[in-house]
Structures are given as C-alpha cells and as structure tokens.
Amino acid sequence: MAQNLQNRPYDVTDKHSIWEYSKNLLGKTLEETVGHELAEDNTGKGRLGQMVERYFFGYEPNSNPTPDFEEAGVELKCTPLKELANKSLQIKERLVCSMIDYSEDYKHPFKESHVYIKCAVMLILFYLHQAKVPVQHLQFLYSVLWQIPEKDLLIMEQDYDKIVAKIRCGKAHELSEGDTTYLGACRKGQKGDTDVYYTLPNGKCCDTPAPKRAFSLKPQYMRTILDFIQNYGEPAGVNTSALVEGYGKGLISKEELKKQSFEHILLERFKKYVGKSYSELCEIFGLEESKAKSKYALIANAILTVHGTRGDDVTKSEEFRKSGIRIKTIRLQKSGRPKEAMSFENINYFDILQEDDWYDSRLYELFTSRFLFIVFQDCGNKGEEDYRLQKAFFWTMPYEDLKAAEPYWQNIKDNVAANRIDPAYFYRESEHRKFHVRPKAKDSSDLADNPNGGKCKKYCYWFNHEYIQHIVETEK
DNA sequence: GCATGATCATGC
DNA sequence: GCATGATCATGC
C-alpha cells in the first residue's frame, strides 16, 4: 500500500518528533487516543503494536527487515508491564526483536543482521497488561526512545555470535535463553507448531529440527530500561544513549570488551586465586574473617570487583543488572558432594497464581538465567575444614532439565491454588527430581500472606544436592 | 550420612 | 523490615 508521508502529524524523518508524538498515548488507551471505537484486529499476538501503527501513527504495518519508521531509523515496540501483588510495575515479557532464520542468519555478521538493523534504535511503548481485556482498552504508561548503548552492542554482538555458532553446527534445538548475556534466543511460535528443519552451511539439512525462535532482549535487560524510565523520567527519551552510558557502575570497560568476551574477562579474574583458602583470600582482599553465611559469596564479590572500588556489590554493576547473571557459591565436601543444597528466592504465592504461561513465569526467568558458579572444596585434614577456591564457571540449565522444571512450577502453582502450601504436596529432595521446595524464613514465626486467606509458611525454590554435584562434575 | 525444617549476618 | 545468599540443627 502506498504510504502518505506528508500528512502525518509528526516528522517521519525525525526520531524525536516521533517520540514527542507518541506521548499523546500516555495515560490513555489506544481507543481513547484515536477518539473512536476500534475493533480488535484479528492478527494474533503483537496485534496492539499493529493497531498502534495503523490507527495512531497512520501507516500500514509491514514485515520488512527495515525499521518501522524507516526514514528515521526507529523500530516501534509495544510491550506489556504487569502489576505485582505489591502494586509495583514489572516487565511481563522479554522484548521480541526479530525472528531467527536458522538457514540464513549465520551468513551475516551482527552489524548486518536484521536484528541489529531493525532494533538499534527503538521507540518502546509500555502498556499495562490486564488479563482478558481487549488490547485497544489497555493503558499506555511510558514511552522511551531507546538507542542501544555502544557497550551493550559489544555484548550483544558476542551473544549473536554465540547463537549463530550453535545454529551453524546444527544445534539450534539446544539453544536456550540462558546461553547469552543481553540478547536471547527465545521460543516464538504457537502451541502445536512443529519444529523446523533448516539448511546448514554445507548445504545439507540439519539432523534435528528446532522450535521457532526469535532474538529478544532478555527480561532483566528490559527491567533496567524500566528502572531507567522510572528513575530519570523524560530525559530517557531525549538523549538516551548519552545518559545510559553513565547509568550504573560498569565492571568491564569498552576497551576490554573489544578484545575479549564478557565471560572470559570475568573468569580470568579468578585464575590467580585458585587453591587459596578462605583465610588467605580474606587476607589478600583485606576482609575481616566473617561468621556470615554469605562469607564465601563476599570473597567472590571481592575477586570480581578487584578492579573497582572495594565495597562495591558486583550484582549491582551495570553488566550484572542488565544480564541478570546470578552468582552462586558452592562448597564441596572432600567426597565431592555439595555441603548444602542450593536455595533461591521465596515463592511469591500471589504472583505465581497470576502466571498463565510457563515461558513468562518468574521461575522460568530464574532457571533460564546465566549462572556464575564459584566452587570451594574442603581440603582440610584431621577433621579440620579448609575450603579452598577450586574453580569458577558459567552455566545454563540444559534444555532437558528446563523441561523437567515446568511440572515443578505447575505442581507449586496447583498446590498454592488448592491451599496446600505444605511440603507434603511439593517436590521433596528424596524424590530425586532435581528440584525441591523447602522453607526459607527468618524463623518459624516469619509468615507470608496466603492467597487463600490467613497466613502460611514461607517456602522457596531449591536445587537438590545431587543436581548441583552433577552440574559441577559435568563442567570440564 | 542424608533429608528436612529452621535460622543467621548483612546491606539497603 | 525485608530480601539476599546462604548455613545450621535435628531426627531418622
């Protein structure tokens, strides 16, 4: 369809003009903004974005590999926020950028890829998700013009290379969102879609077909965009990248990233401390020997921030916030069995009841995180414990285990819904199903609100001892 | 020795 | 006061 560029109420060649115009949507629904009733376009998911293009911006949606506002080089994205039980706003989903073409993408470097060409600059419109409300009746809350900062692009380029490398060798079916740092390969398709076969660089067909996937910005990355808007407001849209570069303390410099991968740089920081004991490491970093249960985590933090200021919290750094990488310490006994199982956050009973899709659940996000495991092993003798740094490695939950996590999530969700918040109904460690549920609270009087009324005990997600041992042992 | 329930130090 | 990153304590 021919596009009329002249008669639009904004300058199609100017991203700031487009952004200014988009602000007419804020605080309103699409229907309120256009001033007349709209029928929901029957175009499936992503329909709100298409309706905004058609009825608000006045052009017909296309599926070109170029940005939606081609002349300005801006891609339009509409993405939902959800309200949590505590009334705060949260990212509901990863931001899908563009479909992955398994037969084609590996032929192109990142800077020539569809995902880069389309999404380097995005106008992101956040709206408030409400279950079962037609999209034209959902309210827009924020509009941000997001130019991906140069340093983030360096990390995304490494992510892209990692994803296409897997595809190139016929392993697209093994892709996981946890493989990468900012840019993820997320599943994207309808229920019941069949897996697709694709062509390898040698011209042959792959052995194993793979589910459809898209390049996406991971939820944790999106969360930092939301934080940014909520903390800095309007300026975010005026000169995004200049402000973003200075937002949050970085752990790694642009110069380092140009030479080495993100993960390589971090792992290098551990190398010279391998074999050192807890006391020796405290000495080296000028830390008091501590009784805190997190004392080994404090050592890991000191090692990672060695180039920064002492006292910095690595998990608060720009790179860790944007990537959602989780650092976990593991103590192995002499036998190699982990001293403890591994706990995660408390189950939020209200939030899990609201989750309608495993792939958008909190647990899925947790379990598709990239993990940085730091292993200490007991090397003491005569009954004296002496934990020494053994190794550090990055890890992502394999696809098979992630599949086993869905029934674990479903079991918790079903039991919470049925008011059976009790270990008798949850997965137990003795069932050897990789994960279990166990208490996590200040003490026995520290209770949570029960969505079914009254109070109940606080429980959290756990990895079994056995599962952690398996992870450590299969790490070369 | 292991599984399970209970709890702690710390930082914001 | 609560989340985080864990370890402690007990009974079988």
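Helices (H or I, at least four residues) and strands (E, at least two) are DSSP runs, numbered from the N terminus. Two strands count as paired if DSSP finds at least two bridges between them.

This is a predicted model, so to speak of local features pLDDT must be at least 70, and side-chain atom pairs count only at pLDDT 80 or more, while totals for chains, interfaces and linings use all residues. Residues are numbered from 1 along each chain as its sequence is written, and chains are lettered from A and ligands numbered from 1 in the order in which they are written.

**View 1. An open sheet of four strands.** The order is β2-β1-β4-β5, with mixed pairing. β2 (89-91) and β5 (140-147) sit at the edges with a single partner strand each, so one side of each has no neighbour in the sheet.

**View 2. Strands β1 and β4 side by side.** β1 (residues 75-83) and β4 (residues 121-128) run parallel, joined by seven bridges. Look for C78, whose bridge partner in β4 is L125.

**View 3. Helices on the sheet.** Contact here means C-beta atoms, placed from the backbone, within 7 Å. Angles run from 0 to 180 degrees between N-to-C directions, using axes fitted to C-alpha atoms, for helices over the stretch in contact. Helix α1 (residues 15-22) lies across β4 and β5, at about 5 degrees to β4. Helix α3 (residues 47-56) packs on the sheet too, touching β1 and β4, and its direction makes about 130 degrees with that of β1.

**View 4. The surface near DNA strand B.** Here 21 residues surround the DNA strand, the closest being A292, E429, S430, D443 and S444; "near" means a C-beta atom, placed from the backbone, within 6 Å. Strand β12 (residues 435-439) gives the most, with three residues.

Note on methods
Contact = placed C-beta atoms within 7 Å.
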